[in-house]
Amino acid sequence: MEKNKEIVLSGIRPTGFLHLGNYYGALRNWVRMQNEYTCYFFIADWHSLTTHSDTHELKSNTRRLVSELIAGGLDPEKCTIYAQSDIPEIPELYLYLNMLAYKGELEKTVTFKDKARQQPENINAGLLTYPVLQAADILIHRAHFVPVGKDQEQHIEMTRNFAERFNHRYGELFPIPRAFSYTENLVRILSLDGSGKMSKSEQQMNTIYLNDDDTLIRRKISKAKTDQGPLVPNSAMPDYIEGLFTLLRLVSAPEIVAKFEYDFNHCQIRYGDLKKQLAEDMIQMIKPIREKAAALQNEPGQIDEVLARGAEKARKSAVTTLGEVRKALGFTHH
Ligand code: ATP
Ligand code: MG
């Protein structure tokens with residue numbers, strides 16, 4: 001790995017199939033960044049325990065996710081791909097950072113409040129300290145940039161705070177990382193009913209997965225929420241319509257987007273036509289990724305090899321950082 005390049009870190013939970021939000025919010029940036037930075041991308045298997053306590057499918061989900069990431073454009077020759085649970089230095093850093101994180105700020109986190117609402121019977125402490133573990137993931141490589149979707153913005157802000165507190169108390173060790181996107185704003189892909197974000201583990205019929213076959217993509221899009229159309233020219237778009245236009249802008253040609261925008265602004269839009277066009281363009285984008293991921297899954301040995309090499313490289317970086325952290329804290333008894 002080249003020296004002096006800025007460091008990039010990002011991760012994804014093995015909680016289900018990749019969807020358009022993961023692709024446009026995260027993976028698309030990763031694929032571009034691997035050519036320009038020293039990149040670490042990891043499968044956040046420890047993080048998945050906060051919401052998915054059953055670990056039976058963890059291994060197969062992890063392998064499948066790696067094959068989807070590679071099918072989506074990650075190149076294990078250009079970036080380091082590893083499983084979080086292969087890096088024992090992370091939980092030690094997590095312990096130190098926990099001493100710098102306050103209960104009040106953790107309780108105020110939007111993702112914590114959302115998940116606590118969704119699983120009131122399992123508001124575990126890991127869920128509360130999720131942003132601290134995430135900070136450890138980032139800081140263990142002293143990363144500069146964290147390419148994530150909009151839903152993770154607050155977590156990155158918290159990582160910045162923890163890093164600043166550490167630096168202030170124990171000496172400058174960590175660069176202050178930034179959320180990163182090549183687009184002007186961080187991306188947020190809405191679910192097809194406009195009620196929240198697309199997600200791996202919720203809302204399966206309102207989320208489009210990179211594994212969905214052509215028929216399912218057509219069906220999901222045809223069921224997306226619309227209405228009778230605007231009655232007044234140049235109306236503001238409701239969230240769910242804005243969501244469809246966001247997808248159209250991502251997968252369709254600019255003149256097609258312009259046509260439907262014109263139709264919307266002139267109160268002559270036919271959502272049925274928009275959905276048909278969107279579905280076909282979406283299929284063009286998803287199909288090659290789905291097929292490549294399926295082919296890779298028939299080569300489990302190759303995926304294991306990627307993870308083994310990745311773990312080795314990631315540990316090297318983690319061991320170095322943790323050594324410096326221990327020195328800064330004074331844990332150098334022998
Ligand atoms: P889960 O429902 O299990 O939490 P998830 O879909 O939220 O799954 P994560 O593994 O939590 O996925 O996040 C992986 C990356 O995908 C993060 O960078 C996150 O910001 C991004 N991401 C997830 N959902 C969206 C979305 N709807 N729009 C944009 N980015 C998203
Ligand atoms: Mg999530």
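**Around ligand 1**

Guide: In this predicted model, helix H1 supplies the largest share of the shell around ligand 1, 4 residues.

Visitor: Which elements give two or more residues to the shell around ligand 1?
Guide: H1 is one of them, and it spans 20-33. The other is a strand, covering 7-12. The elements are helix H1 and strand S1.

Visitor: How do the residues of the shell divide into nonpolar, polar and charged?
Guide: In total, 22 residues surround ligand 1. Among the closest are His19 and Asp151. The shell divides into 6 nonpolar, 6 charged and 10 polar.

Visitor: At what distance is an oxygen atom of ligand 1 from an N or O atom in the side chain of Ser201?
Guide: Thr15 has a side-chain N or O atom 2.6 Å from an oxygen of ligand 1. For the side chain of Lys197 the distance is 2.6 Å. For Ser201 it is 2.7 Å.

Visitor: How much of the area that ligand 1 exposes when taken alone does the protein bury?
Guide: The space taken by ligand 1 is the largest pocket. Taken alone, ligand 1 exposes 590 Å². Of that, the protein buries 97%.

Visitor: Is Gln34 buried or exposed?
Guide: Gln34 is found in the loop between H1 and strand S2 (38-43). Its relative accessible area is 5%. Buried means under 20%, so Gln34 counts as buried.

Visitor: Which residue has its backbone nitrogen 2.9 Å from a polar atom of the side chain of Gln34?
Guide: The side chain of Gln34 reaches the backbone oxygen of Gly73 at 2.9 Å. The backbone nitrogen at 2.9 Å belongs to Asp75.

How values were computed. Residues are numbered from 1 along each chain as its sequence is written. Chains are lettered from A and ligands numbered from 1 in the order in which they are written. This is a predicted model: local features need pLDDT of at least 70, side-chain atom pairs count only at pLDDT 80 or more; totals for chains, interfaces and linings use all residues. Side-chain values use heavy atoms; hydrogens and water are left out. A residue is near a molecule or strand if one of its heavy atoms lies within 4 Å of it. A polar contact is a pair of N or O atoms within 3.5 Å; within protein, one must be able to donate a hydrogen and the other to accept it, and residues adjacent in sequence count only if both atoms are side-chain atoms. Accessible areas come from the Shrake-Rupley method with a 1.4 Å probe; for residues, only the protein chains shown count as cover. On a 1 Å grid over the protein atoms alone, a cavity is a set of points where a 1.4 Å probe fits but cannot get out, and a pocket is an open set with protein on both sides within 12 Å along at least five of seven lines; lining residues have an atom within 4 Å of a point. A molecule sits in a cavity or pocket if more than half of its atoms lie within 2 Å of its grid points. Ala, Val, Leu, Ile, Met, Phe, Trp, Tyr, Cys and Pro count as nonpolar, Asp, Glu, Lys and Arg as charged, and the others, Gly among them, as polar. Buried means under 20% relative accessible area, exposed over 50%, partly exposed in between (1.4 Å probe, protein chains only).
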